[in-house]
Amino acid sequence: MIQIENLKKVYNNGYEALKSINLEINDGELICLLGPSGCGKTTILNLLAGLLDPTDGDIKFDKESVIDKHPKDRNIGLVFQNYALYPHMTVFENMAFGLKLRKVNKKEIEQKVNEAAEILGLTEYLGIEELANKKPGEMSGGQQQRVAITRALVQNPKILLLDEPLSNLDARLRLKIREEIRRLVKEIGITTVFVTHDQEEALSISDRIVLMNEGIVQQFDVPQNLYLEPSNLFVAKFMGNPIINIFEMEKEGNALKSKDFTIDLSLLKKDRFKGELNETKYFVGIRPEYFELSENPLFKAKVESVELIGKDCIVNFNANDIHAKSITDITRNVSEGDELEFEIDYNSIYIFQENGVRVY
């Protein structure tokens, strides 16, 4: 188990990278640290690895503080974005490097490296002889990343840390290797912390996701909850592609009103309210898939453009003076210039205060 308690990191220039982070990661979990650039996710990874010292707080592995432990004594495996392979060494030498430093005998090194290379699928592309003779520069990006992961795993670490390991690969290869990483870490049962800025990547492989912004954990939850039950406006806007539609609306009586449509608050489910609606202005979030074409519409809008995405299409239109999006089936044959009649799925809207706090 990894316990992060009141962790803070302030740099010498006064920049506060982390603001009192508290996380508990269970044994064998695959956790993704997700968020925009500069949110603090790589800082957390570097603190876990011992590459940075915290300003305040504690990090515990199995209830034992590791704050004062050297990186080599933390029993971690670390995989970087740029592979960090030694170009003058062969593939085999790169993978065996950590074991040689620990003075493991030659026969055991060969066994561990060959076993790990087979698990990661390296031997599908390279024979044992090639592992011993080929240099990293002669390999594809995908093969190099497999070598980097193998090098981390052969040391049998308690925790595996991956810092955007797939960002230098093409889309198809990223998909393949992320599936391999998920399968592998679950098969081995190793606790894994995976840094990414790609929400699709995080949603596809995580047991839970830590979504961060400006050094603060915005939500730590199972993937589907970040999409279906966002804790605040930032989470709602960050998760989802296409992004959620956000409308500024004013409360008048028992309704939220805007230029093009009104939401009757009496039709909302009482058990979904998370607070009182005592203010005048609110932000209403409606995901594109929750605009429904209807014969009894809430409002009408002219189609500005249509984007095809497989069996569905994204319909762009104007509502409440913002560019909004809906998703509909491609067989409806929607075209630019069409006037569509929209209804809203009331069970799936979100309401936020101006400060971003979710109230429904």
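**Exercise 1.** Is the crossing of helix 6 and helix 7 left-handed or right-handed? Describe the packing of this pair.

*Solution.* The model is predicted, so that local features need pLDDT of at least 70 and side-chain atom pairs count only at pLDDT 80 or more, while totals for chains, interfaces and linings use all residues. Residues are numbered from 1 along each chain as its sequence is written, and side-chain values use heavy atoms, with hydrogens and water left out.

Step 1. Helices (H or I, at least four residues) and strands (E, at least two) are DSSP runs, numbered from the N terminus. A crossing counts as left-handed if the near helix is turned anticlockwise from the far one by less than a right angle, and as right-handed if clockwise. The crossing of helix 6 and helix 7 is right-handed.

Step 2. Two packed helices are described by the angle between their axes and the distance between the axes. Axes are lines fitted to C-alpha atoms, for helices over the stretch in contact, and angles run from 0 to 180 degrees between N-to-C directions. For helix 6 and helix 7 the angle is about 15° and the axes are 11 Å apart. Helix 6 is therefore roughly parallel to helix 7; angles under 35 degrees count as roughly parallel, over 145 as roughly antiparallel, 65 to 115 as roughly perpendicular and the rest as oblique.

Step 3. Contact means heavy atoms within 4.5 Å. Helix 6 brings Gly142, Arg146, Ile149 and Leu153 against Leu173, Lys176, Ile177, Glu180, Ile181, Leu184 and Ile188 of helix 7. By class, these residues are seven nonpolar, one polar and three charged, where Ala, Val, Leu, Ile, Met, Phe, Trp, Tyr, Cys and Pro count as nonpolar, Asp, Glu, Lys and Arg as charged, and the others, Gly among them, as polar.

**Exercise 2.** Describe how helix 2 packs with helix 6 and with helix 3.

*Solution.* Step 1. Helix 2 (residues 91-101) and helix 6 (residues 141-153) have axes 7 Å apart, at an angle of about 30°. Helix 2 is therefore roughly parallel to helix 6, and the crossing of the pair is right-handed. Val91, Asn94 and Met95 of helix 2 meet Val147, Thr150 and Arg151 of helix 6. This contact has three nonpolar, two polar and one charged residues.

Step 1. The axes of helix 2 and helix 3 cross at roughly 125° and come within 10 Å. Helix 2 is therefore oblique to helix 3; here too the crossing is right-handed. On helix 2 the contact is made by Phe92, Met95, Ala96, Leu99 and Lys100, and on helix 3 by Ile109, Glu110, Lys112, Val113, Asn114 and Ala117. Seven of these residues are nonpolar, one is polar and three are charged.

**Exercise 3.** Which elements give two or more residues to the lining of the largest pocket, and which element gives the most to that of the second largest pocket?

*Solution.* Step 1. On a 1 Å grid over the protein atoms alone, a pocket is an open set of points with protein on both sides within 12 Å along at least five of seven lines, whereas a cavity is a set where a 1.4 Å probe fits but cannot get out; lining residues have an atom within 4 Å of a point. Grid points are joined across faces, edges and corners, and a volume is the space filled by probe spheres set on the points.

Step 1. The largest pocket has a volume of about 670 Å³. Of its 20 lining residues, Lys72, Ile76, Leu78, Gly98 and Gln155 lie nearest its centre. Strand 6 (76-79), helix 2 and helix 6 are the elements that give two or more residues to this lining. Its classes are twelve nonpolar, five polar and three charged residues.

Step 2. The second largest pocket holds about 240 Å³. Helix 3 (106-119) and helix 7 (171-188) each supply at least two residues of its lining, and helix 3 gives the most, with four. The lining residues include Lys112, Leu153, Leu184 and Ile188.

**Exercise 4.** How many cavities of 30 Å³ or more does the structure hold?

*Solution.* There is one such cavity. The largest cavity is lined by Met1, Ile2, Asp27, Phe61, Asp62, Lys158, Ile159 and Thr191.

**Exercise 5.** Which residues does a cis peptide bond join?

*Solution.* The cis bond joins Asn241 and Pro242, with omega about 5°. Pro242 lies in the loop between helix 10 (233-238) and strand 11 (245-252).
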